[in-house]
Amino acid sequence: MTLATDGLHHVTAIAGDPQANADFYLHSLGLRLVKTTVNFDVPTVYHLYYGDEHGRPGSLLTFFPFGEVEAGRRGHGQATTTAFSVPAESLGWWRRHLEHIGTDVSEVAEGDAEASLTFHDPDGLELRLVAHEQDDPREPWDNGTVPAEHAVRGLHSVTLCTADEAGTVATLEELGLRLVSQHGPTLRFAAGEGTPGTLVDVLVDPSASPGLVAGGTVHHVAFRAPDDATQQRWRDELLDRGEDVTEIRDRQYFRSIYFHERGGTLLEIATDAPGFTADEPLLELGRALKLPPWLEPTREQIEHGLPALSVPEDNNPGLREANA
Ligand code: ZN
């Protein structure tokens, strides 16, 4: 069995104020908060997961909102842009929506590149909405502020900036991705069918400064493993290839291993199961602070140390329908 991921599982980034972060991703981008928990390694900090209605792998952007945090710097050895897929005919709607809420937008459509909008979240994290040529069959989350017809379908791609082209390419090929196109200095890699959510753009820039992973930058990029047995086999395979891979860690909603691609970006391989309904029902996702069993004994202390976070009622489709 050779390692071959099905595509992106999630992207995790660092933010400042948790409320500003939640307000932006729920109201401005129209994602669903599918889990409110803490960083299991630093339980004084939230871990907020945004995605589609179910929090399916490939729809997820997650944050560690540290409150006060030093600003990071985009550069090599880092995922510098996180892109989401939207319907092609929706880019005009998105441009008006983002400008209406005071977000500066730049448009990219050079040569034969895809039409897209690039903008930044309140912490400066670079985001892109891409109108993919193929129809994206993934079901959108309809949250009310962003109508379902325009809503984000899930992740489209990430851009890895590297000063070590050969090293980054070698790692992506180890994960089973293959080169599918090139636009200028950007190489596009794809897993599986090459649909949105399976794409990695490698921006080769040996003159870029090294990135600083802090506020407003991506912490790591996770790829999908279908199940625990496959993840175990892939871990063995990566170790055989000389990669410095962590032990398997229980992240409650998936199991994870971590290693650095040779250009420097931290990568993860996360299992599809058990998913976000492991500890609360679908209709209630994200509303209450969930802790893994090993942190429950210190819940009172953890809750006391976290800033208040108000989750809007429209995060819950049951409530929204009841109020309609
Ligand atoms: Zn992760």
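The lining of the second largest pocket of this predicted model comprises, by class, 7 nonpolar, 8 polar and 4 charged residues. The volume of this second largest pocket is about 270 Å³, and among the 19 residues that line it, those closest to its centre are Asp41, Phe64, His220, Arg251 and Tyr258. Several strands share in the lining, and those that give two or more residues to it are E1 (8–15), E3 (42–51), E13 (218–225), E15 (255–260) and E16 (266–271). Of these, E15 gives the most, with 3 residues.

Which residues coordinate the zinc ion? The donors are His10 and His220, each through NE2, together with Glu268 through OE, at 1.9 to 2.0 Å. Along the sequence these donor residues follow the spacing H-x209-H-x47-E. Histidine 10 in strand E1 and glutamate 268 in strand E16 stand 258 residues apart, and the pair thus links distant parts of the chain. Both histidine 10 and glutamate 268 are buried. His220, a further donor to the zinc ion, is also one of the residues closest to the centre of the second largest pocket.

A search of the whole structure finds 2 cavities of 30 Å³ or more, and the largest cavity has a volume of about 50 Å³. Its lining is formed by Gly30, Leu31, Gly51, Asp52, Ser59, Trp141, Val152 and Gly154, which divide into 3 nonpolar, 4 polar and 1 charged. Glycine 30 follows helix H1 and has a positive phi, near 75°, while tryptophan 141 has arginine 32 lying over its face, at 5.0 Å from the ring centre.

Helix H1 spans residues 18–28, and its buried residues are Pro18, Asn21, Ala22, Phe24, Tyr25, Leu26 and Ser28. Two of these, Phe24 and Tyr25, belong to a cluster in which ring pairs also link Tyr50 and Phe63.

A pair of aromatic rings is described by the distance of the centres and the angle of the planes. In the whole structure, 10 aromatic pairs are found. The rings of phenylalanine 24 and tyrosine 25 have planes at 80°, over the 60 degrees that the edge-to-face class requires, so this pair is edge-to-face. Tyrosine 49 and phenylalanine 254 form another edge-to-face pair, and the table sets out the values for both.

| Aromatic pair | Centre to centre | Angle between planes |
|---|---|---|
| Phenylalanine 24 and tyrosine 25 | 5.0 Å | 80° |
| Tyrosine 49 and phenylalanine 254 | 6.2 Å | 70° |

What does the pair of tyrosine 49 and phenylalanine 254 tie together? Because tyrosine 49 lies in strand E3 and phenylalanine 254 in the loop between strand E14 (249–250) and E15, the pair ties together parts that are 205 residues apart in sequence.

How values were computed:
Residues are numbered from 1 along each chain as its sequence is written. This is a predicted model: local features need pLDDT of at least 70, side-chain atom pairs count only at pLDDT 80 or more; totals for chains, interfaces and linings use all residues. Side-chain values use heavy atoms; hydrogens and water are left out. On a 1 Å grid over the protein atoms alone, a cavity is a set of points where a 1.4 Å probe fits but cannot get out, and a pocket is an open set with protein on both sides within 12 Å along at least five of seven lines; lining residues have an atom within 4 Å of a point. Grid points are joined across faces, edges and corners, and a volume is the space filled by probe spheres set on the points. Ala, Val, Leu, Ile, Met, Phe, Trp, Tyr, Cys and Pro count as nonpolar, Asp, Glu, Lys and Arg as charged, and the others, Gly among them, as polar. Helices (H or I, at least four residues) and strands (E, at least two) are DSSP runs, numbered from the N terminus. Rings of Phe, Tyr and Trp (its six-membered ring) pair if their centres lie within 6.5 Å; planes under 30 degrees apart count as stacked, over 60 as edge-to-face and the rest as tilted. A charge sits over a ring if NZ of Lys or CZ of Arg is within 6 Å of the ring centre and within 35 degrees of the ring normal. Donors are N, O and S atoms within 2.8 Å of the metal (3.2 Å for Na, K and Ca); water is not among the atoms, so sites may look incomplete. Buried means under 20% relative accessible area, exposed over 50%, partly exposed in between (1.4 Å probe, protein chains only).
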